[in-house]
Amino acid sequence: MNAPAELAKVLATAPDATHGYKSFTLGSFTFRRDEYFAHISWKTRDGRPLSHTMDAGNFLRALMRDVAWGFFYGWVNFDHVLGTVNKYTSVDLYAGSYNATMKEAGVDLLENFPTEQIRATFEQMLDDWTNASFDPFSAPQETGTPYGRKNGNNTAKITRERELAKRCVGMKGDLPLRTDARGAPINRAFADVPQNEPELHPEPGFENEVHAFNLFGFLSRSQVTWNPSFTSVVKYSFMCPTTEEHILPIIHGNDRVEWFFQMCDEIHWDCADKNTGKPLARVIMKAGDMAAMPAYCRHQGYSPKRSMLLVWENGSPTLVYEIEKGQSPEVPVKF
Ligand code: PHB
Ligand code: FE
């Protein structure tokens, strides 16, 4: 076992003389960016060199989610080739391993890393490759270009703290409501969302026990897209509302059932087999619709207008192992 300092050591080159970006090595994988693209190279299982190219903006939007969410639940596919699987104390990094064609051809590679090592490498790569003009959490219409030669950093925007309420947003000592003096502006797409707060009439002595707030008003002021915030946590039941615009930057592969409640506008989902990528379903969700994503699928959403989505997660740390052993179902209901 390596010492922690050793694990957090990041293998990076000096900035490239032409475009100014560093390259990074993680095990047998190397990551390089230029003005338009991220290039990932590895040696295939049978020893041949192979590479994969992604648009720099798409790569950084996916990398941002993987870093901010601590590798999330299960699979974070950056696209149909590259991604990570969270093993909760370690992380698999793969190219082609969950792409049926590449797997069959033997040109895939999967390597496991201690979480600290891959986190440190991904954080430094994200910081080096994100220019001052680009915020990977913003909707494309609300940020500048990811392209071009290295031009500053945007460290403040890529190290936002996750919003985690202790008891209830707006309660004394908890997260502030965004509608107060410290609040954020209402997003252009949510100008029609009523901002009035609910009336509260707690019995005397219960003023600090009873609380409510206008979730639509709260979300209308969200500055970011595709970033579920924990708004309520009851045991392992996590209510994670979020505002969505354009494309979910990752293709999420479930290791458990996950629920979606479309709170306004609409999102179109592509669902596929999580192991092969074979298409399974199109799910068109309109305001008021609910859907469950089974544990065997991967999914990516398209939100034509900024919309509000409630993601409901089961955060039980034992669930993934119960599903693997067949003790918990992969689907929410059997008909
Ligand atoms: C998901 O993968 O289920 C997901 C992730 C981020 C979101 C919404 C859904 O904002
Ligand atoms: Fe998901």
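Me: In this predicted model, how many residues of domain 1 are in contact with domain 2?
Reply: The protein is divided into domain 1, residues 5-157, and domain 2, residues 162-223 + 225-324. Contact here means heavy atoms within 4.5 Å. On the domain 2 side, 31 residues take part. On the domain 1 side, the number is 26 residues.

Me: How many salt bridges count between domain 1 and domain 2?
Reply: Polar contacts also link the domains, with 15 residue pairs between them. The C-alpha centres of the domains lie 26 Å apart. The count of salt bridges between domain 1 and domain 2 is two.

Me: Which residue does Arg188 meet in a salt bridge?
Reply: A salt bridge needs a side-chain nitrogen of Lys or Arg within 4 Å of a carboxyl oxygen of Asp or Glu. For Arg188 the N to O distance is 2.5 Å. The partner is Glu142.

Me: Which residues are the protein donors of the iron ion (ligand 2)?
Reply: Their donor atoms lie 2.1 to 2.7 Å from the iron ion. In sequence, the spacing is H-x5-E-x40-H. The residues are His252, Glu258 and His299.

Me: Why is the site of the iron ion (ligand 2) irregular?
Reply: The site has six donor atoms. Six donors count as octahedral if opposite ones are over 155 degrees apart and all others between 65 and 115.

Technical notes:
Residues numbered from 1 in each chain as written. Chains lettered and ligands numbered in written order. Predicted model: local features only at pLDDT ≥ 70, side-chain atom pairs only at ≥ 80, totals over all residues. Heavy atoms only, no water. Donors = N, O, S within 2.8 Å, 3.2 Å for Na, K, Ca; no water. Tetrahedral: all angles 85-135°; square planar, octahedral: opposite > 155°, others 65-115°. Domains from an automatic or database assignment. Polar contact = N/O pair within 3.5 Å; in protein donor to acceptor, adjacent residues only side chain to side chain.
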